[in-house]
Amino acid sequence: MRRKPIIALIYDFDGTLSPGNMQEFGFIQAIGQTPEEFWSKSDGIAKGQDASNILAYMKLMFDEARKSGIKLTREDFHRYGADIKLFEGVREWFRNVNEYGRRHGVIIEHYINSSGLKEIIEGSPIAREFKHIFAGSFIYDDAGEAEWPGIAVDYTAKTQFLFKIQKGIFSSRDAKKVNESMADENKRIPFPHMIYFGDGETDVPSMKIVNMFGGNAIAVFNPEDPRKRGVARKLLRQGRVNFITPASYTRESRTFRVVCAIIDKIKADNELKLLARYQ
């Protein structure tokens with residue numbers, strides 16, 4: 001029996017599915033700061049120490065929570081995630097795309113590839129829609145409280161997860177299987193079957209890799225933010241992405257039309273490849 005092709009839709013989170021940074025929907029309010037205050041402090045740590053921006057914000061979360069007497073457990077992070085604001089149509093998006101895939105004979109899988117926190121995304125209203133969430137996370141002590149960064153995902157770390165998705169590896173710590181040689185026909189999801197969604201500079205290496213190896217990269221932008229629209233247009237001019245679209249995910253949106261057209265092309269290319277084997 002011929003296996004249906006699997007198509008991976010891979011999303012950044014902040015600015016892509018949500019209009020803000022996930023820390024801004026509960027955690028920053030809990031420590032009594034504004035987003036501007038928190039991110040200014042985080043940037044100050046990174047610049048002052050010449051450190052990773054991701055590790056800087058994770059350390060600041062830890063320090064500020066401790067100063068405010070707030071515990072950082074997985075349950076706390078999940079609670080913050082429940083209040084995340086999402087772009088228009090995101091909640092229905094997965095059902096609509098999955099249904100389109102079924103009608104056209106392909107399997108759709110959704111993945112997160114984010115520099116945010118896995119624990120917060122796991123608490124979001126859409127967490128169950130993802131095959132796997134690749135994102136930052138903390139190490140927890142015996143009492144279940146965060147005590148140290150476990151995984152920090154910067155723009156280069158994001159690229160490794162693409163190769164893990166390609167090979168069907170869902171362990172963030174794995175550094176062996178992902179580097180083993182594998183014949184193209186044995187790869188679970190080849191790059192031409194990937195659609196990557198991102199909104200900014202931290203997504204550029206991932207967009208470029210997906211694009212370079214035959215997949216499709218889409219830059220989404222908040223339609224209410226002219227600066228974000230400018231970033232998307234720049235990415236298109238530079239050849240980093242194949243398409244740009246406002247961050248609306250309704251059935252009537254340009255985003256849905258673009259993705260359906262890509263699914264159609266992937267299905268057709270797969271059929272032609274199969275037919276070519278028997279000439």
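## Largest pocket

The largest pocket of this predicted model has a volume of about 1100 Å³. A pocket is an open set of points on a 1 Å grid over the protein atoms alone, where a 1.4 Å probe fits, with protein on both sides within 12 Å along at least five of seven lines; the volume is the space filled by probe spheres set on the points. Its lining (residues with an atom within 4 Å of a point) comprises 35 residues, of which N21, I54, E201, T202 and K228 lie nearest the centre.

The elements giving two or more residues to this lining are α2 (35–49), α3 (53–67), β2 and α9 (226–237), and α9 provides the largest share, six residues. Helices (H or I, at least four residues) and strands (E, at least two) are DSSP runs.

## Second largest pocket

The second largest pocket has a volume of about 530 Å³. Of its 20 lining residues, D184, E185, K187, P190 and K273 lie nearest its centre. Helices α7 and α10 (254–276) each give two or more residues to this lining.

## Helix α7

Helix α7 (residues 157–167) packs with α8 (residues 204–212) at an angle of about 35 degrees, with their axes 8 Å apart; axes are lines fitted to C-alpha atoms over the stretch in contact, and angles run from 0 to 180 degrees between N-to-C directions. Contact (heavy atoms within 4.5 Å) involves K158, T159, L162 and F163 of α7 and P205, S206, I209 and V210 of α8.

## Basis

Residues are numbered from 1 along each chain as its sequence is written. Local features need pLDDT of at least 70, side-chain atom pairs count only at pLDDT 80 or more, and totals for chains, interfaces and linings use all residues, while side-chain values use heavy atoms, leaving out hydrogens and water.
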